[in-house]
Amino acid sequence: MGWKDDHMWICFPHSKTDQVGERNEPKSIYANPICPAICPILAMGVYLMSHSPDTRKLFPGGSQYHRFVNCLQKVMTLPERGECDESSNAQDAPYDYRAIRKAVCQELQRLGMNKEDLGTHSIRKGAATYCTSGSTHCPSVTAVSDRASWNNGTIPKTYFKYEAASDLFVGRTACGLPIHSAMFASLPPQFKKGNDELVQSTIQLCFPTLPGNMNGILIHCLASIVYHFDYLRKELDPSHPLWSCALFRDTGIYEQLKEQVLVLLPTDVPIEMNESSENMMCTVQVPIYRSTGCPPHVTSLVHEKQWMMKTQLLQEKLDQVVAGNEQLVAANEQLRLKQDSMMQKMEVEFKEIVNYFKQSQGKNEENRLLLLQQLEVSMQQNHGHENFTVQMQLREVVAKLQEGWDMQKRMIENLQQQQLELLQHLQQQQQQQQQQQ
């Protein structure tokens with residue numbers, strides 16, 4: 001047994017229908033992070049951390065068949081009063097399995113079944129039925145037969161051969177992942193930093209008797225236990241041997257691992273081998289491996305989910321742009337109001353200045369006429385040569401006054417022209433702002 005990509009694999013050296021081991025191809029087993037109650041990787045992790053098997057046998061006992069029969073029959077039988085479960089492993093002694101037996105018997109009663117209706121082959125039959133009949137797009141019968149190690153006769157054995165891709169599909173289906181959803185491509189719980197020093201030291205602490213070639217399995221078993229800790233705390237009895245493991249005796253180790261564990265969504269990693277992870281919407285930096293065993297329709301669902309996520313991100317950005325435009329419109333409206341106020345104020349000030357100059361011009365005109373009359377009277381009274389100089393001086397004074405009056409008139413006209421140009425400029429700015437909005 002070992003770990004490859006996103007799944008665990010096991011090989012049986014021989015079976016009832018293959019005594020010489022001609023068909024000992026690896027069988028893939030996947031995690032189900034969506035439903036931890038039926039997750040094989042989580043169950044394996046709880047078992048290994050609770051029992052600490054030796055390096056030669058995964059399960060204790062000389063006959064696994066009889067061991068499984070006895071366990072199955074016992075778990076479907078109500079415990080008698082005063083009965084206490086005894087385990088073959090001393091480490092299990094403090095744990096009472098009677099609550100589990102009661103729960104199983106109650107579930108059988110709810111389904112209208114008896115313990116005689118279930119046997120050692122019921123699990124295999126049920127899994128095969130589910131894989132071949134649980135959907136209109138399910139694994140082939142040949143792939144399920146190879147998975148179950150069934151002998152279908154000479155012709156199927158000759159013409160239908162094992163292929164890894166079909167077994168991967170069977171493995172994903174058998175673990176209970178939803179085949180009509182993009183979540184069918186879910187990856188198992190893993191650590192962000194992979195097999196770092198903390199993870200490796202915790203594996204040596206929690207699985208001290210297991211060989212190094214199981215390291216890949218143990219990493220993902222540990223990640224599943226840490227990820228589903230809340231579920232385990234809720235469902236397992238406080239006296240379960242799992243809670244006596246070193247991982248939970250030292251809460252500091254668990255807290256550090258909790259910060260590193262995560263489950264990647266199908267949209268976070270490439271589905272096909274030739275698909276670049278740069279095109280995916282992966283928001284975390286983790287050791288990436290592809291989702292295997294996915295049929296074409298699941299790949300299409302994942303791609304559709306990715307486009308939906310991209311569309312959602314674009315919509316969020318568009319909403320931000322719209323919100324920014326609304327703020328800009330509000331700011332422009334405030335600026336327009338300020339400009340209108342300034343224009344009104346400037347118009348009032350210009351009118352006051354123009355009125356002042358007009359009043360000054362009127363007074364100057366009166367003074368000019370008065371001086372001209374006085375000049376004419378003076379010239380009529382003084383016809384002599386001696387008054388010629390005085391008359392010239394008076395004419396020069398009148399000319400300078402006329403020049404000053406003309407200058408004031410031009411200033412008034414210039415101010416009126418500037419006022420008109422400023423108003424036109426402000427109106428053009430308002431029109432440009434309205435066009436931008």
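Helix axes are taken here as lines fitted to C-alpha atoms over the stretch in contact, with angles running from 0 to 180 degrees between N-to-C directions. In the predicted model, the axes of α1 and α9 come within 8 Å and cross at roughly 100°. Angles of 65 to 115 degrees count as roughly perpendicular, and α1 and α9 therefore stand roughly perpendicular to each other. On the α1 side, the contact involves Ile 41, Leu 42, Met 44, Gly 45, Val 46, Leu 48 and Met 49. These residues meet Leu 218, His 220, Cys 221, Leu 222, Ser 224 and Ile 225 of α9. Sorted by class, the contact of α1 with α9 comprises 10 nonpolar and three polar residues, with no charged residues.

Helix α9 is also in contact with α8. The axes of α8 and α9 come within 10 Å and cross at roughly 95°, which makes this pair roughly perpendicular as well. Val 199, Gln 200, Thr 202 and Ile 203 of α8 form the contact with Asn 215, Leu 218, Ile 219 and Leu 222 of α9. Five nonpolar and three polar residues make up the contact of α8 with α9, and charged residues are absent from it.

The largest nonpolar core of the model contains 41 residues, of which Met 49, Leu 222, Leu 247, Phe 248 and Leu 257 touch the most other members. Two or more residues are given to this core by each of β2 (7–10), α1 (40–51), α8 (197–206), α9 (215–227), α10 (229–235), α11 (246–249) and α12 (251–260). The most is given by α9, with eight residues. With neighbours within four places in sequence left aside, the contacts of Leu 257 are Phe 191, Leu 198, Val 199, Thr 202, Leu 222, Val 226 and Leu 247. Another core, of 12 residues, lies apart from the largest one; its members include Phe 169, Ile 179, Ala 185 and Val 298.

An open sheet is formed by three strands in the order β1-β2-β3, with antiparallel pairing. The edge positions are held by β1 (2–4) and β3 (27–29), each of which has a single partner strand, so one side of each is without a neighbour in the sheet. Direction ignored, neighbouring strands of this sheet are turned by 40° against each other on average. The antiparallel pairing of β2 with β3 extends over three bridges, and Met 8 has Ile 29 in β3 as its bridge partner.

Strands β2 and β3 also take part in the packing of helix α7. In α7 (residues 164–174), the buried residues are Asp 167, Leu 168, Phe 169, Val 170, Gly 171, Arg 172 and Thr 173. The buried residues of this helix pack against β2, β3, α4 (122–133) and α5 (141–148). Gly 176, which follows α7, has a positive phi near 95°.

Over the whole chain, the model contains 14 helices and five strands. Of its 437 residues, 34% count as buried. Among contacts in the chain with a separation of 6 or more, 69% are accounted for by residues 24 or more positions apart.

Terms used: Residues are numbered from 1 along each chain as its sequence is written. This is a predicted model: local features need pLDDT of at least 70, side-chain atom pairs count only at pLDDT 80 or more; totals for chains, interfaces and linings use all residues. Side-chain values use heavy atoms; hydrogens and water are left out. A nonpolar core is a set of buried Ala, Val, Leu, Ile, Met, Phe, Trp, Tyr and Cys residues joined through side-chain atoms within 4.5 Å. Buried means under 20% relative accessible area, exposed over 50%, partly exposed in between (1.4 Å probe, protein chains only). Helices (H or I, at least four residues) and strands (E, at least two) are DSSP runs, numbered from the N terminus. Contact means heavy atoms within 4.5 Å. Angles under 35 degrees count as roughly parallel, over 145 as roughly antiparallel, 65 to 115 as roughly perpendicular and the rest as oblique. Ala, Val, Leu, Ile, Met, Phe, Trp, Tyr, Cys and Pro count as nonpolar, Asp, Glu, Lys and Arg as charged, and the others, Gly among them, as polar. Two strands pair if DSSP finds at least two bridges between them.
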